[in-house]
Amino acid sequence: MKKQILAVAVAGAFAVPAFAAADSDVTLFGQLQTQVVYNSGGSSDFDNGFSMYDAGGAGWVTDGNGPNRLGVMINHDLGNGLTALAKLEQDAQTTSGLNSGARDVYVGLDGNFGRVTMGRMGLPYNTAGKDPLNGTFMQARQAVRLGTADAGVGFTGETDNNGNPIRTGGIGGLGNGSYEDRVINYGNSFGMVGLQLAVAQNNGSGSGEQAISGRLNFDLGAVDLYVAHTNADDYRYDDADFQASKIGADWKSGPFRVVGEIESYKFEDALGNVERDATGGFVSGVYTMGRNDFVLTLGHTRNSSTDYQVNGEDLDGNTDFVALGVKHNFSNRVMAFAGVSYADHDDNIPFARAEGGAVNAAGNSYTGVGGGLRVSF
């Protein structure tokens, strides 16, 4: 909702001075979604039946990893083609409201040299929004895309108060669909080539090292081709290494769209053991008819053997994924969606989101059938 009059309302809501100058623009924006899904399959401990949640996936009942947000974007014209900007964006959920964490929170400058931003933001590697069903229970991120919660079975090299080794956690903003703190990002376009390059700083909590992430987009007319890479060696913990690379293409022509990605990632724990070594990807086909988008997504992740085993078996199982959905656009701000999502996990997978972890999800399949509503402003 881009209207100058919103400046006063935003200032009141966030207890900051209102910008009244004609060279300033304050935009209040937001999005809220929830859905009702019937989930089936899984282990004997899984609760089959109807659930209401904001995002997640088949068998992955969670309000997180969705599109819900409320934010303010500020642009201040400094003259001579230079603009100062600030963004404050908060995650939102229909259960906890605005208590679920920050999204983009940064300041920056935009000019003929490009755009530089500093603060909390998604890294260039993050292309979660390329998935036509992103943020719904049919999103590929639930099964076959490198996501925020992806974790292996390794160790940080540290111990808790009882002397027990601490296991590694999720990778957070190093994957698709999340954010990293203390990031400096530079972006610019050079003809048909778009560049995004970022450095994330760990201020000594664990390692004190940096993660470097970059993406190149090539505008080929009907096709947007992109490649991305992140290197985060020693970033989360000392001696723990992480690398991820991807290539993707997004083709559009008339009512048709095809988008696909392949990404490869590997991370080793602080002991030098391989936790995860995988290649995954998805392809989505979209056909638009009037206000309706019909979407079919297929995905697969192939895991290579790691240095850890469960029950004497290598963690090299695979995951398959398929989703079929329809989105009805009442307007460019209101969308209803419905469909079915299916994820199938081998017995010896190193990680899966459904039911909260690989221990329960391994060897199980999940089907979700449902629909929801998304409203934006």
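Helices (H or I, at least four residues) and strands (E, at least two) are runs assigned by DSSP, and they are numbered from the N terminus. The model shown is a predicted one, in which local features need pLDDT of at least 70 and side-chain atom pairs count only at pLDDT 80 or more, while totals for chains, interfaces and linings use all residues. Residues are numbered from 1 along each chain as its sequence is written, and side-chain values use heavy atoms, with hydrogens and water left out.

**View 1. Asparagine 80 in the loop between β3 and β4**.
The loop that holds asparagine 80 lies between strand β3 (69-79) and strand β4 (82-91). Although asparagine 80 is not a glycine, it has a positive phi of about 55°. Its relative accessible area is 83%, and asparagine 80 therefore counts as exposed, where buried means under 20% relative accessible area, exposed over 50% and partly exposed in between, with a 1.4 Å probe and protein chains only. The accessible areas themselves come from the Shrake-Rupley method with a 1.4 Å probe, and for residues only the protein chains shown count as cover.

**View 2. Arginine 182 in strand β9**.
Strand β9 covers residues 180-190, and arginine 182 is found in it. Arginine 182 is not a glycine, yet it has a positive phi of about 55°. With a relative accessible area of 41%, arginine 182 is partly exposed.

**View 3. A salt bridge between glutamate 89 and lysine 87**.
A salt bridge is a side-chain nitrogen of Lys or Arg within 4 Å of a carboxyl oxygen of Asp or Glu, and by this rule the count comes to eleven salt bridges. In the pair formed by glutamate 89 and lysine 87, the closest N and O atoms are 3.6 Å apart, and both of these residues are buried.

Aspartate 110 counts as partly exposed because its relative accessibility is 24%, and arginine 115 counts as partly exposed because its relative accessibility is 33%. Aspartate 250 has 5% relative accessibility, so it counts as buried.

**View 4. A patch of negative charge on the surface**.
Glu158, Glu209, Asp238 and Asp239 gather in this patch. The residues used for patches have over 30% relative accessible area and no salt bridge, with like charges joined within 9 Å and nonpolar side chains (Val, Leu, Ile, Met, Phe, Trp, Tyr) within 5 Å. Lys and Arg count as positive and Asp and Glu as negative, whereas His and the chain ends are not counted. The place of a charge is taken as NZ of Lys, CZ of Arg, CG of Asp or CD of Glu. Aspartate 239 sits in the loop between β12 (223-231) and β13 (241-253), and its relative accessible area of 51% makes aspartate 239 exposed.

**View 5. Asparagine 164 in the loop between β7 and β8**.
The loop of asparagine 164 lies between β7 (155-159) and β8 (165-167). Asparagine 164 counts as partly exposed, at 39% relative accessibility. Leaving aside residues up to four places away in sequence, asparagine 164 touches Glu158 and Thr159, where contact means heavy atoms within 4.5 Å.
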